[in-house]
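Biologist: I'd like to learn how to read a few features off a model like this one. Can we go through them one at a time?

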Amino acid sequence: NKADFAAARQQLARALETAEKANLPSRLAKSLERLAQIDMFTGGSASGIMQHMERSLENYAKTGDLIGKGSILNKLGYLPVAQGVGEYTQAREHYEQALALSRKIGDRSGEGTVLRNLGVLSVCEGDYAQAERTLDAARQIYTHLGAKDGLALVDNFLGFAYLHKGQF
């Protein structure tokens, strides 16, 4: 939260090494997920990010961590959208898997995050009506949870949708 990415990367690399040596798949998965996240926000390569996420997903699967699995599926959807590479069919598939999993296990916060990201994807695809419906569903969840940070992001993405459809 302090955005000291260099220090975070260093600590997470140590955590990853320790988790590998101790054969702790849950810690390994979390370290890999966080390293992927840092790379996503600091311009890391898509291939490096994907390697971290794929290994993380494997380790979440080993431990049966469905919240972790949903988080990685969401990030797998987010990566091509954020990088603008146009792999939207695959992104949507990952988001849909993450959404179904969040709903299955009752992870309302995760559901809100995936819906929010699906809203952005709909904007990228030019389906502004769908974007508004999806972002409204995310807003309802965040309102229920009292998640002001989530509400702020929904407002930001609604602004993004209105900008793209010319509603200044």
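Biologist: Is Asp39 buried or exposed?

Modeller: This is a predicted model, so take each value as computed. Buried means under 20% relative accessible area. Asp39 has 13%, so Asp39 is buried. You'll find Asp39 in helix 2, residues 25-41.

Biologist: Which residues is Asp39 in contact with, leaving aside neighbours within four places in sequence?

Modeller: Those are Arg9, Gly44, Ile49 and His52.

Biologist: And what about Thr63, how do I class that one?

Modeller: Partly exposed runs between the buried cut-off of 20% and the exposed cut-off of 50%. Thr63 comes out at 34%, so Thr63 is partly exposed. Thr63 belongs to helix 3, residues 46-63. Beyond the neighbours within four places in sequence, Thr63 touches Pro25 and Ser26. Thr63 and Pro25 are 38 residues apart along the chain, yet 6.8 Å separates their C-alpha atoms.

Biologist: Which residues make the nonpolar surface patch?

Modeller: Leu66, Ile67 and Ile105 do, and the patch covers about 230 Å². Take Leu66, in helix 4 (residues 66-83): its relative accessibility is 33%, so Leu66 counts as partly exposed.

Biologist: Now helix packing. At what angle do helix 6 and helix 8 pack?

Modeller: Angles under 35 degrees count as roughly parallel. Helix 6 (residues 108-124) and helix 8 (residues 148-164) pack at about 10 degrees, with their axes 10 Å apart. Helix 6 is therefore roughly parallel to helix 8.

Biologist: Which residues meet there?

Modeller: From helix 6, Arg116, Val120 and Val123; from helix 8, Leu153, Val154, Phe157, Phe160, Ala161 and His164.

Key
Residues numbered from 1 in each chain as written. Predicted model: local features only at pLDDT ≥ 70, side-chain atom pairs only at ≥ 80, totals over all residues. Heavy atoms only, no water. Patch = residues over 30% accessible without salt bridge, like charges linked within 9 Å, V, L, I, M, F, W, Y side chains within 5 Å. Areas by Shrake-Rupley, 256 points an atom, 1.4 Å probe, with all protein chains shown as cover. Salt bridge = Lys/Arg side-chain N within 4 Å of Asp/Glu carboxyl O. Helix = DSSP H or I, 4+ residues; strand = E, 2+ residues; numbered from the N terminus. Buried < 20%, exposed > 50% of the residue type's maximum accessible area, 1.4 Å probe, protein only. Contact = heavy atoms within 4.5 Å. Axes fitted to C-alpha atoms, helices over the stretch in contact; angles between N-to-C directions. Parallel < 35°, antiparallel > 145°, perpendicular 65-115°, else oblique.
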